[in-house]
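Here's a quick briefing to read alongside the structure. Have a look at the model first, then run through the notes below.

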Amino acid sequence: MRSFLVVPLLLLATPALAHERRPAPPTDQRLAAVGDALSTPAVQDSAAAFVGALADALLDTHVGPIARYTDPRDGVRPNDTLRDVITRDDPQFERRLHDGTRGAVAATGQAARDAATMTAEINATAARLRRVLGAASAALDDSHREN
């Protein structure tokens, strides 16, 4: 198994490896944990390496056999791979793919942490609203009893 798969697989397997069964933590804690994991450079690099490996598998596709069906200005040659065609126009494609994937994972981690924070805040707001509505309901009940 390649090293770039180790971290994501460990993250997925961790709950399954737990010996004691515990109730799942609240959603905001799970989101925060996911956000923290996705914010680590090791996970970001692993995700970028994984996407890179998927891209490698695709980029090694020989597209030369269909060269005769493309516009001659596209410059597809009989022995070209998809990598040849893409990197001819964008020599930094693979570096940008890696960096973009890493950045997307980091942004997803931040979004998960922000969602966790908002979940906790929304829960606190809901509790305050329940108290106000409970007090209003009790006041209405009291006023109906008096009439």
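**Confidence and helix packing**

Helix α1 (residues 6-17) comes out with the lowest mean pLDDT among the elements of the protein, at 48, while α3 has the highest, at 95. Keep in mind that this is a predicted model, with an average pLDDT of 85 and 82% of the residues scoring at least 70.

**Where to be careful**

- Residues 1-7 stay under 50 in pLDDT, and the model gives them eight contacts beyond four places in sequence.
- The stretch 9-13 is also below 50, with three contacts in the model beyond near neighbours in sequence.

**Helix α5**

- With 54 residues, helix α5 (residues 93-146) spans 77 Å from its first C-alpha to its last, close to the 80 Å expected at 1.5 Å a residue.
- Its buried residues are T101, V105, G109, A112 and A116.
- Those buried residues of α5 are covered by elements including α2 (27-38) and α3 (41-59).
- As a general point, an α-helix has 3.6 residues a turn, so residues three or four places apart point the same way.

**α3 against α4**

- The axes of α3 and helix α4 (residues 82-89) sit 7 Å apart, and the two helices pack at an angle of about 110 degrees.
- Angles of 65 to 115 degrees count as roughly perpendicular, so that is how α3 and α4 are arranged.
- On the α3 side the contact is made by D56, L58 and L59, and on the α4 side by L82, R83 and I86.
- By type, the residues of this contact are four nonpolar and two charged, with no polar ones.

Methods
Residues are numbered from 1 along each chain as its sequence is written. This is a predicted model: local features need pLDDT of at least 70, side-chain atom pairs count only at pLDDT 80 or more; totals for chains, interfaces and linings use all residues. Side-chain values use heavy atoms; hydrogens and water are left out. Helices (H or I, at least four residues) and strands (E, at least two) are DSSP runs, numbered from the N terminus. The expected span of a helix is 1.5 Å times one less than its number of residues. Buried means under 20% relative accessible area, exposed over 50%, partly exposed in between (1.4 Å probe, protein chains only). Contact means heavy atoms within 4.5 Å. Axes are lines fitted to C-alpha atoms, for helices over the stretch in contact, and angles run from 0 to 180 degrees between N-to-C directions. Angles under 35 degrees count as roughly parallel, over 145 as roughly antiparallel, 65 to 115 as roughly perpendicular and the rest as oblique. Ala, Val, Leu, Ile, Met, Phe, Trp, Tyr, Cys and Pro count as nonpolar, Asp, Glu, Lys and Arg as charged, and the others, Gly among them, as polar. pLDDT is the predictor's confidence in each residue, from 0 to 100.
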